[in-house]
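Hi everyone, thanks for making time. Let me put the structure up on the screen, and then I'll talk you through it.

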Amino acid sequence: MTDAPRDDALLAQRIRSGEQAALGELYDRYASVALATALRIVADRQVAEDLVHDSFVAVWQKIDRFDAARGTLRGWLLTIVRNRGIDRLRTTRPTIEVGTADEQALLRTGAAATADAALANISGAQVRAALGELPDEQRRAIELAYFEGRTYREIAVITGVPQGTANGRLRLALAKLREALRLGEGAPLAEGSDER
Amino acid sequence: MSDRATRLDCAAVDEIAAAYLLGAVDPDEERLVTEHLASCRAPHAELRDGVPGEVLAMALAPVEPSLELRERLMASIARTPQEHAAPPVVERAPTTRGGLLGWLSPGWARGLAAAGAAAVVALAAWNIGLQAELDASRAVARAIAEAEAVHSVTGDAGRGLLLDTGAGAAFVPAELDDLPSDRLYEAWLIPAGGAPVAVGTFRPGDGPMLVPLDQGLEGFATFALTIERERVAAPTGDPVLVLALAG
């Protein structure tokens, strides 16, 4: 995996101009991490490759929507891969009742922020080390959210904790990752969270 | 989340910021957060500086794709138009409501033929752009991308795409009128000078949908939709969408 997509914006411009070779370069750069992501979500090699294929096609089709000021091309691509994988998961598994009828609505993937330019200089090893420092329950919570497409309400049901606790675990996990990866000044940890 | 049915304040947005970044909020909450951020001047540092979910993907050990995948992708790209570069949509003149006999009459058929043979229209991006829920429509996107030809179909009921998949055909409703609960759309393929052949029924859904047709397009001169109470063997009303096929 390339960990420093500094010239993604240029690559996006070339793709936007219709240069197919540029899309090929994007594939060569990120296909392996895209496939790792898809495979982690759907756990089926062929399905994962189809997801990766479709995601790159979507990048090609919709490149005009990509805004380099909001994030990296890698981040955008991986968000597409993740969302498509989660969509597939959700078609094949029962939903979890979490309370009111409103909360039983079919889940949709959030448009996660793509302010990820700061990740350009961070390696996979650094991220793995930072994740390894998280308490198990916090790491499990963010994995359920990102790789399994669970809402914090569903995470609460799955892990047997109150919704506030599940939400708090997500907040704490991301705050710790932000601090470990030095991605920002660090927002204060969640007031009222029941875990530290 | 009934107490959040209409809007979120800054504190509520910050409370679920991490879940939002991870895509772990309900659809209603996602919408409310998005709406709030669009109109709020507060910094919302946790969202602005937050860790995007992508960071979790970065932690995974890379997995090398098969050699075939790149080749398949580049072949798909070569036949897939980009949204911003998509050629103009070739519209068909809506059919006049002259009754089914008029619809099938030789004069009408000649008119359609004169209007031009069916164009292969690169519409995937156009259609997808109209669908806010594209990412939930993997099957549709893939079918469009891999179709041998994509035809725009318009009429009184709206518009759609007719896909020639080579081995068969499918219809993708794009902006079709909603129907009463006791009605459905029925698709027809009509050979030159012949009777309509029923090839499928559907009701428009909330998101993109793919309607496989029972037969391929080869040998047929016209595609059409009618509105029926149930699947029938012969149309009972006027066509609401019509396309003259090539040949």
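I'll start with the ground rules, then take the two chains in turn.

So, this is a predicted model: local features need pLDDT of at least 70, side-chain atom pairs count only at pLDDT 80 or more, and totals for chains, interfaces and linings use all residues. Residues are numbered from 1 along each chain as its sequence is written, while chains are lettered from A and ligands numbered from 1 in the order in which they are written.

Okay, chain A. What do we find here, helices or strands? There are 8 helices and 0 strands, where helices (H or I, at least four residues) and strands (E, at least two) are DSSP runs, numbered from the N terminus. Of the 196 residues in chain A, 51% are buried, and buried means that 20 or more other C-beta atoms, placed from the backbone, lie within 10 Å of the residue's own.

Now have a look at helix 2 of chain A, which has 23 residues. Its end C-alpha atoms are only 28 Å apart, short of the 33 Å a straight helix would reach; that expected span is 1.5 Å times one less than the number of residues. You'll also see a bend of about 55° at Tyr30(A), taken as the angle between axes fitted to the seven residues ending there and the seven starting there. Just after the helix, Ala43(A) has a positive phi of about 55°.

Next, the largest nonpolar core, with 112 residues. A nonpolar core is a set of buried Ala, Val, Leu, Ile, Met, Phe, Trp, Tyr and Cys residues joined through C-beta atoms within 7 Å. Among the residues with the most contacts inside it are Leu170(A) and Ala19(B). Helix 2 of chain A gives the largest share, 13 residues.

Over to chain B, which has 10 helices and 8 strands. My pick here is strand 3, residues 169-173, where 5 of 5 residues are buried. Ala169(B), Phe171(B) and Pro173(B) point one way, and Ala170(B) and Val172(B) the other. In general, side chains in a regular strand alternate between the two faces of the sheet.

Who are its partners? Strand 2 runs antiparallel to strand 3, with 5 bridges joining them, and Leu163(B) is the bridge partner of Ala170(B). These two strands form a hairpin with 4 residues between them, and Gly166(B) in the turn has a positive phi of about 85°. Strand 6 is also antiparallel to strand 3, through 2 bridges, and there Val211(B) stands opposite Phe171(B).

Key: A residue is buried if 20 or more other C-beta atoms lie within 10 Å of its own, exposed if 12 or fewer, and partly exposed in between; C-beta atoms are placed from the backbone. Two strands pair if DSSP finds at least two bridges between them.
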